[in-house]
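Hi,

Here is the structure I promised to send over. Have a look at it first, and then read on for what turned up.

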Amino acid sequence: MLLEVNHLKTEFQLKHGTVKAVDDISFSLNKGEILAIVGESGSGKSVTSLSVMGLVQEPGEVTGGEILFKGEDLLKKNKSEMQAIRGDQISMIFQEPMTSLNPVYRIKDQIMESIMTHMKLSKKEAWERAVHMLDIVGIPSPAERAKDYPHQMSGGMRQRVMTAMALSCRPELLIADEPTTALDVTIQAQILDLLYHMREKFNMAVLLITHDLGVVSEAADRVIVMYCGKIVEEADVRTLFEETMHPYTLGLLRSIPRLEDESEEPLYMIKGMVPNPLKMPTGCAFSDRCDKCMDRCRREMPELIERNGHKVRCFLYENEPEEAEKHE
Ligand SMILES: Nc1ncnc2c1ncn2[C@@H]1O[C@H](COP(=O)(O)OP(=O)(O)OP(=O)(O)O)[C@@H](O)[C@H]1O
Ligand code: SF4
Ligand SMILES: [Mg+2]
């Protein structure tokens, strides 16, 4: 097992209360596996990945659990140990590219520095590798563009530069937070191909965070669906799409536009909105929006139960076959 997250909790202490952005989640990732995390805005996807990277900023704080990377708890590492792990064994493509690009340095200096620090290459070799990486993420005239500063590039180009930087040191684990959102469809496909290639060739594992269920169905092996900081469903990608259990996941799947769908009906939308994290409903967090809501759902929070590797948090499934076992 490459990464094992157990009962992770990350909270933000605000003036008006505590936001439980990540609320007791557990998952694991094997070498070479691509695990997708999906969910609407605010469900805790980015905070989960920042927690693994050790980059949660104040007023946020990891308040519980463990994050085992190759058996060692990253939460027990000090700053410099984490710095050494980041960009070497674990790297990340951030949702907002400007957060990881320094505006005052040229692209080439940033990518070469990262390569030289982590790969012990000479300056010339690092330059060649940087240009090569920029080329394979689809940057035209890479040797020229490498001399640009970040602000001279479009959002899509910066996203590609960040991808090149993240992959240049051949990490064992890549955390990719919405890696394709800012990109057009062709480049999106190229980046996904590249992640696939890195997984095949170097056995790199990927934690792939995305809104886009199309990307999930193409790229992921396994999927976690998050809602309000908790996992509500987890399954291998085929099972999730073909034997969907949770009403929230069903809602997400029904909201995907389909090319072949010629009906005039408007696209499905899950009713209502994600609850305010400071005013979470008692009981199931999805109860206000769920078509199947029962009385009990408003009083109690369902547990995450598992059956044949398929996990779900919903009372509709609680009393089904005896082999369903409580997961928590
Ligand atoms: N700096 C912060 N201060 C206060 N609350 C925060 C902060 N960062 C995140 N949160 C809260 O944590 C929760 C999870 O946020 P997170 O950014 O992980 O969502 P997400 O799933 O990545 O959403 P998106 O799809 O929009 O990127 C949200 O309720 C958010 O309001
Ligand atoms: S527990 Fe109840 S409210 Fe929650 S998703 Fe299941 S049926 Fe809907
Ligand atoms: Mg996010």
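Before anything else, a word on how elements are named here: helices and strands are DSSP runs, numbered from the N terminus, a helix having at least four residues. One caution as you browse: the whole thing is a predicted model.

Let me stay with α1 for a moment. The helix covers residues 45-53, and nine of its nine residues are buried, so the rest of the structure largely encloses it. If you want to click through them, the buried ones run from Lys 45, Ser 46 and Val 47 through Thr 48, Ser 49 and Leu 50 to Ser 51, Val 52 and Met 53.

That helix also turns up at ligand 1. There are 16 residues around this ligand, with Ala 21, Ser 41, Lys 45, Ser 46 and Val 47 the closest. The largest share of the shell, three residues, is from α1, while β1 (3-14), β2 (17-29) and α1 each give at least two. Sorted by class, the shell of ligand 1 holds six nonpolar, nine polar and one charged residues.

Ligand 2 has its own surroundings: 13 residues, the closest being Cys 284, Ser 287, Cys 290, Cys 297 and Cys 314. Here the classes come out as eleven nonpolar, one polar and one charged.

Now the domains. The protein chain splits into domain 1 (3-89 + 171-258 + 267-325) and domain 2 (102-170). Their centres, taken over C-alpha atoms, are 30 Å apart. Where they touch, domain 1 puts in 14 residues and domain 2 puts in 14 residues. Which helix gives the most to the domain 1 side? That would be α7 (residues 185-202), with six residues. The domain 1 side of this contact is made up of ten nonpolar, two polar and two charged residues.

Last, a helix pair worth a look. Helix α3 (residues 107-119) packs against helix α4 (residues 123-136) at an angle of about 115°, and their axes are 9 Å apart. The crossing of α3 and α4 is right-handed. On the α3 side you will find Lys 108, Ile 111, Met 112, Ile 115 and Met 116, which meet Ala 126, Trp 127, Arg 129, Ala 130 and Met 133 of α4. That contact counts eight nonpolar, no polar and two charged residues.

Cheers

Definitions and conventions:
Residues are numbered from 1 along each chain as its sequence is written. Chains are lettered from A and ligands numbered from 1 in the order in which they are written. This is a predicted model: local features need pLDDT of at least 70, side-chain atom pairs count only at pLDDT 80 or more; totals for chains, interfaces and linings use all residues. A residue is buried if 20 or more other C-beta atoms lie within 10 Å of its own, exposed if 12 or fewer, and partly exposed in between; C-beta atoms are placed from the backbone. Axes are lines fitted to C-alpha atoms, for helices over the stretch in contact, and angles run from 0 to 180 degrees between N-to-C directions. A crossing is left-handed if the near helix is turned anticlockwise from the far one by less than a right angle, and right-handed if clockwise. Two residues are in contact if their C-beta atoms, placed from the backbone, lie within 7 Å. Ala, Val, Leu, Ile, Met, Phe, Trp, Tyr, Cys and Pro count as nonpolar, Asp, Glu, Lys and Arg as charged, and the others, Gly among them, as polar. A residue is near a molecule or strand if its C-beta atom, placed from the backbone, lies within 6 Å of it. Domain bounds come from an automatic or database domain assignment.
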